[in-house]
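Subject: Structure handover

Hi,

Here is the structure for you to look at. My notes on it follow below.

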Amino acid sequence: MKISKKQKKHDHKQRKKHSKSKTRWWTALKLFLIVFFSAIILGLAAGGAVFVYYAKDAPKLDLNQLESMPSPKVYSTDEKLVATLGSEQRNLVQTDNIPVMLVNAVTSIEDHRFFNTRGIDPIRIAGAFVNNVKGGSLNGGSTLDMQLIKLSFFSTEKSDQTLSVKIQEAWMALKLDQKWTKEQIFTAYVNKVNMANGYYGMGTAAEAYYGKSLTDLSIAQLALLAGMPQAPSTYNPYTNPTAAKYRRDLVINAMYRYDKITASERKTALATPIDDGLQPLQPSATIPSYADNFLKQAIAQAKTLAGDDILTKGVKIYTTLDTNAQQNLYNIVNTNDSVAFPDDNLQVASTVINVQTGAVVAEIGGRKQPTDVTFGLNQAVQTDRDWGSTMKPIVDYGPAFENNVYTSTNDIVTDAATTYPDGTALKNWDSNYMGAMTVKNALALSRNIPAVKTLINVGLDKSSKFVNGLGINLGNMQYSNAISSYATVPTDEKDTGNKYGASAEKMAAAYAAFSSGGIYTKPYYVTKVVFPDGRTVEYKPERSRAMEAATAYIMTDILQSVLTLPLSQSVGSYAAVPGLPAAGKTGTSNYTDDELAQIKEKYGALSGMISPDENFVGYTPQYSMSVWTGYSNRMTPIYGTSTQIATKVFSAMMSKFYPDPSSVTPWTMPDDVAQQGTALVKTDASGTSESASSSN
């Protein structure tokens with residue numbers, strides 16, 4: 001077929017047009033590729049620059065620090081060993097004693113390319129980076145090498161989950177992989193990880209949880225151990241079996257996905273109960289029961305002082321514990337040898353403080369506590385119960401003498417019918433009135449109305465300042481705090497813990513300031529923490545002047561009279577030890593009218609005073625001691641002879657401290673206090689009486 005000239009011309013134009021189009025397309029593609037690869041090169045360069053910038057600040061790779069440390073030890077004030085934390089002996093495993101199935105389990109869930117990488121896994125790191133860009137964390141990009149570095153040189157806290165730390169971990173992991181074999185790295189990891197309940201190392205956990213070595217465990221049991229280090233408390237099979245099973249099953253499925261177990265083994269392992277083979281959990285610390293509550297607080301303070309991870313560092317913790325005092329307090333509270341308790345359910349919380357140093361020397365957080373529980377509830381530091389009239393010296397009368405509302409123990413206050421400033425009815429514990437009386441008698445006899453009148457005259461601001469100076473925060477103080485420790489927490493504060501209100505620990509420290517001439521010391525349990533390399537972190541007590549020496553001495557004089565009142569007027573005399581200079585204050589909390597009706601319906605008519613809390617806080621020239629008594633269920637009342645127990649516990653403990661009370665030197669009157677007849681009076685420097693005032 002013959003093609004016309006016109007057709008040929010048209011075809012030529014089309015070919016020319018197509019050629020130009022193709023040229024433009026290739027030009028665009030080349031430009032795109034140039035830009036694309038340039039961006040990659042620039043990105044790599046920038047990434048490399050960032051890597052170098054952060055990597056240069058990485059800690060020095062000390063291989064000794066990768067090794068597991070000995071169990072931490074706790075010492076008493078005379079530097080005698082009291083407790084060994086963790087397990088009694090850390091069960092370190094050698095490489096030859098690590099079963100292949102545990103290797104398979106750990107690598108499957110944590111780092112399945114472990115044996116094929118050189119310290120870092122670019123694929124995992126890239127994935128973690130993308131997740132971080134999307135707003136997630138940097139978790140998930142770490143190899144086992146990097147995890148070992150983190151456990152040894154950094155922490156698992158959120159503050160260490162940053163790009164800079166991740167880069168430093170990667171850099172150190174690269175160097176580690178040049179110095180150690182994969183077998184050494186894996187063994188160190190297995191011995192280092194936290195396995196919950198105070199145990200460290202998978203070999204230790206195997207013995208503690210199953211009573212077996214790692215080589216004797218089933219696939220399901222090994223998978224459980226392999227999955228725990230990511231979040232030990234969350235995946236604890238004793239306390240969170242559902243979460244533990246979820247994590248264990250993830251490990252089993254990962255092992256199957258990477259062909260480490262067969263389908264049949266997977267099915268069997270998944271069907272195994274999570275508690276299969278678990279032994280009853282034994283305490284992971286060789287902590288004597290008599291010191292459990294004290295040591296719980298000591299370890300918490302040690303962590304604050306030297307780092308949350310100290311229990312993995314093999315430290316020595318030196319405490320203020322007086323073992324004789326602690327054993328005596330424990331025996332007094334847990335037997336009927338010194339005090340007759342009505343039943344095993346009545347609880348006692350008590351803190352004993354050395355007045356000269358401010359150190360806690362003994363503490364009990366409850367009676368008849370389970371011996372198989374380590375670091376259980378310590379009621380001595382809880383602020384959820386009411387200390388009643390023991391607040392009067394620190395909320396009402398202490399501030400009154402400090403601010404010269406009163407200058408003499410014979411100043412007069414009237415005990416008569418009245419109300420709170422808001423019009424709410426106010427009454428005494430006996431619903432009676434005693435008329436005009438001295439402030440000394442008003443406090444000693446624990447009259448409520450004079451106490452509230454005193455607080456009104458002092459003012460809430462001045463009182464709050466005084467109370468805060470004694471380590472107690474009542475929040476937005478109310479006039480009801482004249483006779484109660486219940487705090488009004490600011491509405492914008494959440495999860496305040498024990499920040500507000502009073503506890504046995506706080507009350508003992510507050511009253512210690514009366515004994516020490518007005519010096520308050522924040523209570524403490526630890527003097528120093530010593531690391532295996534000799535590095536020492538010491539605690540420096542926080543001291544401040546809370547009141548004038550004159551105020552402290554006058555308050556002591558008044559509170560000494562509490563222990564000499566006739567039993568018909570107060571149970572305070574049960575706290576006395578013949579011949580021993582001592583002062584203190586009783587405290588009783590109250591039920592509402594509705595609560596009293598409920599109690600009457602349940603228990604019938606009970607004679608005498610009934611209350612949810614009975615307390616005593618007292619001191620000598622050497623020791624301050626607080627005692628709270630009550631039932632865990634606040635609606636179980638204290639009544640009858642049980643109201644005497646707090647004072648009797650104090651007396652029994654002081655008798656242990658002072659086998660010869662006559663040898664104790666009483667407090668010395670300061671120069672700005674004078675004896676005028678039956679009264680103590682604040683004076684100025686020349687010895688003349690300051691202008692006294694009275695409250696009506």
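Among contacts in the protein chain between residues at least 6 apart in sequence, 71% join residues at least 24 apart. Keep in mind that this is a predicted model.

The chain as a whole: there are 20 helices and 20 strands. Of the 696 residues, 50% are buried.

I then looked at helix α18, residues 549–562. Two of its helix contacts are described here.

Start with α17, residues 504–515. Its axis comes within 7 Å of the α18 axis, and the two cross at roughly 105°. Angles from 65 to 115 degrees count as roughly perpendicular, so α17 is roughly perpendicular to α18. On the α17 side, the contact uses Tyr 511, Ala 513 and Phe 514. On the α18 side, Ala 552, Met 555, Thr 556 and Leu 559 meet them. By class, that contact has six nonpolar residues, one polar and no charged.

Next is α13, residues 392–402. The axes of α13 and α18 come within 9 Å and cross at roughly 130°. The pair is therefore oblique. The crossing is right-handed. From α13 come Pro 393, Tyr 397, Gly 398, Phe 401 and Glu 402. They meet Thr 551, Ile 554, Met 555, Ile 558 and Leu 559 in α18. The residues of this contact divide into seven nonpolar, two polar and one charged.

Met 555 and Leu 559 of α18 meet residues of α17 and also residues of α13.

Best wishes

Definitions and conventions. Residues numbered from 1 in each chain as written. Predicted model: local features only at pLDDT ≥ 70, side-chain atom pairs only at ≥ 80, totals over all residues. Heavy atoms only, no water. Axes fitted to C-alpha atoms, helices over the stretch in contact; angles between N-to-C directions. Helix = DSSP H or I, 4+ residues; strand = E, 2+ residues; numbered from the N terminus. Parallel < 35°, antiparallel > 145°, perpendicular 65-115°, else oblique. Left-handed = near helix turned anticlockwise from the far one by under 90°. Contact = heavy atoms within 4.5 Å. Nonpolar A, V, L, I, M, F, W, Y, C, P; charged D, E, K, R; others polar. Buried < 20%, exposed > 50% of the residue type's maximum accessible area, 1.4 Å probe, protein only.
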